[in-house]
Amino acid sequence: MRYVNYYRNELKAITGKFPDAGDAIPPDVFDRECPLPQLPAAMRAYYLAAGKHRLNTVFNPLYPPAELELRDGFLFFMDENQLVCRWALQETDLTQDDPEVFQMQENENGKVTAYSEKMPFSSFMAYALTYYAMQDEEPEDFDAWERRLNLYMECWKMHRVCVCCNQPVEDPDEFHPFGFVTMNPDDPDYPRNYRGAHRKCLTEFADANRL
């Protein structure tokens with residue numbers, strides 16, 4: 001129950017309201033749909049608290065219970081939105097309450113390498129939801145705009161250097177969160193949280209790549 005309350009409180013802090021009954025997956029439905037006999041408590045609790053929340057599909061889609069996939073020693077639960085990578089838990093860690101999350105990257109030869117995200121599942125989901133909220137549709141009221149601004153400001157405080165030009169971003173109004181940066185977490189430049197960029201740099205990058 002503590003993980004369910006944790007996710008509910010995180011979503012309240014991020015979106016301004018607790019998930020409602022329609023956002024949750026009832027335990028009997030989850031157990032019927034999930035093909036796996038055992039899951040970490042933190043993962044199961046997320047589905048019970050917010051498995052159908054709209055933020056799960058805003059950016060990097062979370063798998064529904066029926067599509068959780070155990071393969072090659074890992075339990076896959078989320079795709080990067082352009083299929084650059086996937087996220088998974090180690091099969092040997094499934095008996096833990098809140099195991100470490102791994103980013104799975106496949107090279108051009110089909111070799112898959114696992115890189116630790118250096119955070120447990122519960123923290124990873126809170127981190128992901130915070131970023132997804134910044135990618136969501138335009139806020140509908142003043143309180144929503146204030147929450148969005150607070151999220152951007154927290155991101156700016158953590159990373160004030162542009163990932164495009166590597167120059168400081170002095171003005172928070174010129175800072176845009178970059179979210180997950182897919183690279184080798186063993187690289188000394190790997191971001192432990194959000195990274196960001198000058199809005200001008202992102203515009204130039206998008207124009208150059210016709211995004």
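Visitor: Are F77 and F121 buried or exposed?
Guide: The model is a predicted one, in which local features need pLDDT of at least 70, side-chain atom pairs count only at pLDDT 80 or more, and totals for chains, interfaces and linings use all residues. Residues are numbered from 1 along each chain as its sequence is written, and side-chain values use heavy atoms, with hydrogens and water left out. Buried stands for under 20% relative accessible area, exposed for over 50%, and partly exposed for what lies in between (1.4 Å probe, protein chains only). By that rule F77 and F121 are both buried.

Visitor: Which class of pair do the rings of F77 and F121 make?
Guide: Rings of Phe, Tyr and Trp (its six-membered ring) pair if their centres lie within 6.5 Å, and planes under 30 degrees apart count as stacked, over 60 as edge-to-face and the rest as tilted. The centres of F77 and F121 are 5.2 Å apart and the planes stand at 70°, so the pair is edge-to-face.

Visitor: Which elements does the pair of F77 and F121 link?
Guide: Helices (H or I, at least four residues) and strands (E, at least two) are DSSP runs, numbered from the N terminus. The two residues are 44 apart in the chain, and the pair links distant parts of it. F77 belongs to strand β2 and F121 to helix α4.

Visitor: Which residues are in contact with M125, leaving aside neighbours within four places in sequence?
Guide: Contact means heavy atoms within 4.5 Å. M125 is among the core residues with the most contacts inside the core. With those neighbours left aside, its partners are Y7, Y46, L62, F77 and M78.

Visitor: What does A126 touch, not counting residues up to four places away in sequence?
Guide: A126 lies in helix α4 and is buried, at a relative accessible area of 8%. A126 and I14 are 112 residues apart in sequence, while their C-alpha atoms are 9.0 Å apart in space. The residues touched by A126 are Y6, E10 and I14.

Visitor: How are the rings of F30 and Y47 classed as a pair?
Guide: This is one of 8 aromatic pairs found in the whole structure. F30 in helix α2 (residues 27-33) and Y47 in helix α3 are 17 residues apart. F30 is buried at 2% relative accessibility, and Y47 is buried at 0%. With centres 5.3 Å apart and planes at 35°, the pair is tilted.

Visitor: How many of the residues of α3 are buried?
Guide: The buried residues are A42, M43, A45, Y46, Y47, L48, A49 and A50. Of these, Y46 and Y47 are also in one aromatic cluster with Y6, Y7 and F30. The helix α3 is mostly covered, and the count is 8 of 10.

Visitor: Which residue takes a positive phi in the hairpin of β2 and β3?
Guide: In the pairing of these strands, L75 has L89 in β3 as its bridge partner. The hairpin has 6 residues between the strands, and the one with a positive phi, near 60°, is L83.

Visitor: Which ring does the charged end of R86 sit over?
Guide: A charge sits over a ring if NZ of Lys or CZ of Arg is within 6 Å of the ring centre and within 35 degrees of the ring normal. K12 meets this over the ring of F18, 5.8 Å from its centre. For R86 the distance to the ring centre is 4.2 Å, and the ring is that of F76.

Notes:
A nonpolar core is a set of buried Ala, Val, Leu, Ile, Met, Phe, Trp, Tyr and Cys residues joined through side-chain atoms within 4.5 Å. Two strands pair if DSSP finds at least two bridges between them.
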